[in-house]
Amino acid sequence: MKHYLQEKVADALKSLGYPSDVAIAFEKPKQDIHGDLTSNVALALARSVGKNPRTIAQDIVRVIDVESEHIAKVEIAGPGFINFFLSKEFYQGHLPDILRQSESYGRSTVGGRKKTQVEFVSANPTGPLSVGHGRQAALGDTLANLLEWIGYDVTREYYYNNAGRQMRRLAESTFARYQQLFDPAAPFPEDGYQGDYIREIAERVRDRFKGSLLHADREETLETCKRFAENILFEDIKLVLKRLGIIFDVFFNEDSLYKDGTIDEVVKDFRAKGLAYDRDGAVWFRGSSLGLDQDRVIIKSTGEPTYRLPDIAYHRDKFRRGFDLIVDVFGADHIATIPDVLAGVKALGFDAEKVNVIIHQFVTLMRDGEQVKMSKRAATFVTLDELIDEVGPDAVRFFFLMRASSSHLEFDLNLAKEQSEKNPVYYLQYAHARIASILRFAESEGISAEAADPLRIKDRTHHLTGAAELALLKLLLEFPDIVESSALSYEPHRLTSYLHDVATAFHRFYHEHRVVIPERDLALARIALCRASMIVLANGLKILGVSAPERM
RNA sequence: GGGCCCGUAGCUCAACGGGAUAGAGCAAUAGCCUUCUAAGCUAUAGGUUGCGCGUUCGAGUCGCGCCGGGCUCACCA
């Protein structure tokens, strides 16, 4: 409809001799009295044309050629808005489309199978996933879902590093706890990982190797401990992610960048371009010549690279694999790496515009009105696994998706656990379950099968004339636009808030109108509306990764 | 000190490339279940959008300067 009106307005502008290069924007007015779609073209043109915006609006309305079966009314309001009122027949006529598309309703092909990678979580296997990772997991997976829904070809990728100093600490911590199982007085490294999970891993090392590691070669033993711990931690991570319904297509090991020579290549290319140089025994990246605030070390004097180098190499690899769109989901604490990576890939000749970095702010847990204190050092953090245990996967995902990623997120544990109307997850799920219940009832009355058939419903939709019915129907027809805009703006919270509106509109409809009634045609039309509502809720929840129960 | 994010109703948050009277939920108050799920609905109340300038037909949104909170500025990742 938007596109249709855009064309019509463009035609009108042309015939009036107004500049046609302006963006003809339509939006949904906040208030119903301002119509269903509104455009501010007249206001936008006022300056360049040098006329009163209302005059321009009147000109446009005078010559615009719209079919009356779709448009009920066109009005000029306020300073020069042109408000279009769509006919109820227009809305009624589209109800069968929802039923016909069913599970696919909301999908589109605007993405054109564009090869896309979404990288998220990417935690190293040194410990359990935190609550912060949870937000990232929900965000990344939902962005991936959204992009898939609008026709992108999406790869979900997890990048990790199982070498280096952190893994060394993991190995030493594990071994120390293992030793302590035999001799409680054995020392624990000062900078070791404090968490209890290390003790659990150590016990499993003991179960597997008994005391045989106590006097074996230290380096070999540490290597054994490292791999053992890594495997356990990774399995745990995958398990937790699976609890949230997340499955990665690719686990990308940083190590492969060394093995296949990508790292060396990047350094060589940087040197060739004068972007890398030696100083104080280290290799530096000349970010200052690329507009960055300072040069940074990419290879330490010890010969080890800093994280920047593999990060840049990794992104080069992404480009080489042919991704047309690269979405990186990072926590706010990683924000410092981004300028280097983007400048690096750009310097290597790739289009940095294809990289979209989504930064999400931190999560604070609230319990009984007080912030849950978390310290990684003291190992008093709440793990994602524990959070899921406490409030369930649906609440975890939904709560993480409710807010804009740029906003700090306060996670109210009490609210998330509450099985009542206060809890927004239940509010949505309840609407879905309620519809399912109505449909079961309708079926028991023997009239649901017919209402599932778009063709049979087509001639009956004109019975839906109540304000609550039409308001609901209008909202349902917005779904594809919402999916598209949520995806393209990388803002899943638009979808959560939209679904909340749908649930509200449905509940209102439910309270005003009885569905299963003797008037058969009206009953069928209303059942169709229920089905359509259920489709939108189910599809929306599917994108969010939240279950849509049939009963509650 | 530099960079990024945030500051909107008592609390948690919306407001899609500036748009019309700034919206929801929770909390508060008053109502609604013999009828398809009350985990629901209706109504009332709640605001100088942190402060001040500026840009323009129009600013919560853009620019500048303050104030307050978070993150970050390693030869840690």
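## Helices α2 and α3

Let's start with a helix pair: α2 and α3 cross in a right-handed manner (right-handed if the near helix is turned clockwise from the far one by less than a right angle, left-handed if anticlockwise). Helix α2 spans residues 41-49 and helix α3 residues 53-63, and their axes come within 8 Å, crossing at roughly 115°. Axes here are lines fitted to C-alpha atoms, for helices over the stretch in contact, with angles from 0 to 180 degrees between N-to-C directions. That angle makes α2 roughly perpendicular to α3 (65 to 115 degrees; under 35 is roughly parallel, over 145 roughly antiparallel and the rest oblique). Helices are DSSP runs of H or I with at least four residues, strands are runs of E with at least two, and both are numbered from the N terminus.

On the α2 side, Ala42, Leu43, Leu45, Ala46 and Val49 make the contact, meeting Pro53, Ile56, Ala57 and Ile60 of α3 (C-beta atoms, placed from the backbone, within 7 Å). By class there are 9 nonpolar residues, no polar and no charged ones (nonpolar: Ala, Val, Leu, Ile, Met, Phe, Trp, Tyr, Cys and Pro; charged: Asp, Glu, Lys and Arg; polar: the others, Gly among them).

## About the model

This is a predicted model, in which local features need pLDDT of at least 70 and side-chain atom pairs count only at pLDDT 80 or more, while totals for chains, interfaces and linings use all residues. Residues are numbered from 1 along each chain as its sequence is written, and chains are lettered from A and ligands numbered from 1 in the order in which they are written.

## The sheet

An open sheet is formed by 4 antiparallel strands in the order β1-β2-β4-β3 (strands pair if DSSP finds at least two bridges between them). Its edges are β1 (26-27) and β3 (71-77), each pairing on one side only. Strand β2 (residues 37-39) pairs with β4 (residues 81-86) over 3 bridges, and threonine 38 stands opposite asparagine 83 in β4.

## Helices α6 and α7

Another pair is α6 (residues 164-182) with α7 (residues 196-209), whose axes come within 8 Å and cross at roughly 65°; the two are therefore roughly perpendicular. Their crossing is right-handed. The contact involves Ser173, Thr174, Arg177, Tyr178 and Leu181 of α6, and Ile198, Arg199, Ile201, Ala202, Glu203, Val205 and Arg206 of α7. These residues divide into 6 nonpolar, 2 polar and 4 charged.

## Domains

Chain A is assigned domain 1 (2-86), domain 2 (92-109 + 421-544), domain 3 (115-160 + 248-360) and domain 4 (164-243), with bounds from an automatic or database domain assignment. Taken over C-alpha atoms, the centres of domain 2 and domain 4 are 53 Å apart.

How values were computed:
Contact = placed C-beta atoms within 7 Å.
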